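Visitor: Please show me the structure, and then let us work through it question by question.

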There are 2 protein chains.
Amino acid sequence: MLKKERQAFIMHEIDIHNKVLSSDLSLQLNVSEDTIRRDLQELDDTGILTKVHGGALSKSFHFTLKNNIVYSQSEKKSIALKAKALISDGMFILLSGGTTIIELIKSLSPDLRATFFTVSIPSALELLDHPNAEVIFIGNKLLKNSQMSVGAEVVQRLSEIKFDLCFLGTNSIDAEQGLTDLDLEVIEVKRAMIASSAKVISLSISKKLNTVQRMKVCNIEEVDILITELDPQDHLLQPFLAKGLTII
Amino acid sequence: MLKKERQAFIMHEIDIHNKVLSSDLSLQLNVSEDTIRRDLQELDDTGILTKVHGGALSKSFHFTLKNNIVYSQSEKKSIALKAKALISDGMFILLSGGTTIIELIKSLSPDLRATFFTVSIPSALELLDHPNAEVIFIGNKLLKNSQMSVGAEVVQRLSEIKFDLCFLGTNSIDAEQGLTDLDLEVIEVKRAMIASSAKVISLSISKKLNTVQRMKVCNIEEVDILITELDPQDHLLQPFLAKGLTII
DNA sequence: ATAATAATTGCATCTTTGTGCAGTTTTTTA
DNA sequence: TAAAAAACTGCACAAAGATGCAATTATTAT
């Protein structure tokens, strides 16, 4: 294969995915990573992509990244690590949206082979970066703000599948009021998610504990496991323990 | 064999494969690689191919690489503007993935009120930025590379809805071979998209015209309208006109 | 037709380019 | 902060390219 061909392939990949990994390209094109790095350097020199540690980004993507630098919160990372331990090979796992869930996906071992279902586009995109995850998006009408699908069609599809684990990036959780949320359509979907799952796990940073929104999703008893960044002995968690939840 | 004959053969190979290797040509034409190199140099001087280390590339191929960002973008914009004119309020519109489709979505008037269906995540995300579009994602298993959903479930859902317009960002379109693509699962979905739509519109930048991939999606007659950045009188488009397509 | 001239081609030689590898340094991650 | 991943550097070697030269082939003029 000609060098220019290889570089055209790299640009093609960049067009599609907005990013490339040196390691992937090395495998796909059957040349050493050094060669890929040299190609990326050349392409960067001509200015049509931006080389970064590990690979390269499209010019436009790099621009957007620079404009919203996200400091990924250490609390969410700590929650993600605890949640990860519950997942094993072969499971059917249902994921909601939310930054905590994104952290969980990022922290997954690349070797994990499981089937992930989600109704959230950001979660789906993050899952697609995982080399061995089977990703299934339950689609229908999309909400503009939350970028998740809602509606009867979604509820129906969810009811047809039995999931091992359901991870909810929870907005508001309270020992008395249970899970609550803002949007009627979101609530319907969350209820369906909970109903179809053997174990429901709520991921909540501590400041979301004991907060209540307008509309009820379900009672606290429907949640099996609550994961926060706090120590399980923390006094904030005692009401949930009393309700029979497992705290991690 | 005359020099001109040899060079004609080289150009023929370039037309078919978009590239040639000096070593291959040397064997096929039974002359030394030096001679081939001199031929390629001459052809490069006249500007009808681009000589590179190891062989030569077709102009269009090289063009793609060199001007990836700026130029092909403007072609796609021109296509998007022509396509936009076909859309009006209240329509049910089905969109594939691809950068040309993204351009189309970006160019839509903010006042337009229509319902958009898609199987492509990038298209869905772009649609969500439109203030008045109703966005419906037909979800199922997601392909890692193309970020689109595939599978029987998708085909089934598509078959249940009747769309006014279907815009396909076409990979390969040929007057004789029709639409072709690389991936079996993608083909199944595209077929279902075409079957459920009153009008099928193919958006193709000119360099995708008269190219063929491994697997057939449908005959050219199934496509109603072909939109390119070229003038409808362009000779490249005559074969499609002859097949009864509307050219814009 | 044929000699003179010009163009084409292959080969030998030297130069440049492309690629992988080993050792070291930098960056990222746990 | 230590271990792992990625990057960089210099080097070796193979592949491809350039160039001058001689042999062959084609073209032109007489």
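Predicted model: local features only at pLDDT ≥ 70, side-chain atom pairs only at ≥ 80, totals over all residues.

Visitor: What percentage of the 248 residues in chain A is buried?

Guide: Buried here means under 20% relative accessible area, exposed over 50% and partly exposed in between, with a 1.4 Å probe and protein chains only. By that criterion, the buried share of the 248 residues in chain A is 48%.

Visitor: How many helices and strands does chain A have?

Guide: Helices (H or I, at least four residues) and strands (E, at least two) are DSSP runs, numbered from the N terminus. The C-alpha trace of chain A spans about 65 × 40 × 35 Å along its principal axes. Its secondary structure amounts to ten helices and 15 strands.

Visitor: Which residue of β13(A) stands opposite T180(A)?

Guide: A hairpin of three residues joins β10(A) to β11(A), and across these two strands I173(A) faces L179(A). S172(A) stands opposite T180(A) in β11(A). In β13(A), the residue opposite T180(A) is K216(A).

Visitor: Which strands of the chain B sheet are its edge strands?

Guide: Three strands of chain B form an open antiparallel sheet in the order β1-β3-β2. Four bridges link β2(B) to β3(B) (residues 55-58), where V52(B) stands opposite G55(B). Pairing on one side only are the edge strands β1 (19-21) and β2 (49-52) of chain B.

Visitor: What angle does the direction of helix α3 of chain B make with that of β2(B)?

Guide: Axes are lines fitted to C-alpha atoms, for helices over the stretch in contact, and angles run from 0 to 180 degrees between N-to-C directions; contact means heavy atoms within 4.5 Å. Helix α1 (residues 3-17) of chain B packs on the sheet and touches β1, β2 and β3 of chain B, its direction making about 125 degrees with that of β1(B). Helix α3 (residues 33-46) of chain B also touches β1, β2 and β3 of chain B, and its angle with β2(B) is about 135 degrees.

Visitor: Which residues have the most contacts inside the largest nonpolar core?

Guide: A nonpolar core is a set of buried Ala, Val, Leu, Ile, Met, Phe, Trp, Tyr and Cys residues joined through side-chain atoms within 4.5 Å. Leaving out residues up to four places away in sequence, F167(B) touches, among others, L86(B), I93(B), L104(B) and L203(B). The largest such core has 58 residues, and those with the most contacts inside it are F167(A) and F167(B).

Visitor: Is L209(B) buried or exposed?

Guide: L209(B) is found in the loop between β12 (197-203) and β13 (215-218) of chain B. Beyond four places in sequence, its contacts include I173(B), L226(B), L237(B) and F240(B). Because its relative accessible area is 5%, L209(B) is classed as buried.

Visitor: What is the relative accessibility of K76(B)?

Guide: K76(B) lies in helix α5 (residues 70-84) of chain B. Its contacts, apart from neighbours within four places in sequence, are T99(B), T100(B), E103(B) and I205(B). K76(B) counts as buried because its relative accessibility is 9%.

Visitor: Which residue of chain A forms a salt bridge with K19(B)?

Guide: Chain A and chain B bury about 2,900 Å² between them, buried area being the accessible area (1.4 Å probe) that two parts lose on being put together, summed over both. A salt bridge is a side-chain nitrogen of Lys or Arg within 4 Å of a carboxyl oxygen of Asp or Glu, and the interface has three. For K19(B), with the closest N and O atoms 2.8 Å apart, the partner is E5(A).

Terms used: Residues numbered from 1 in each chain as written. Chains lettered and ligands numbered in written order. Heavy atoms only, no water. Pairing = 2+ DSSP bridges.
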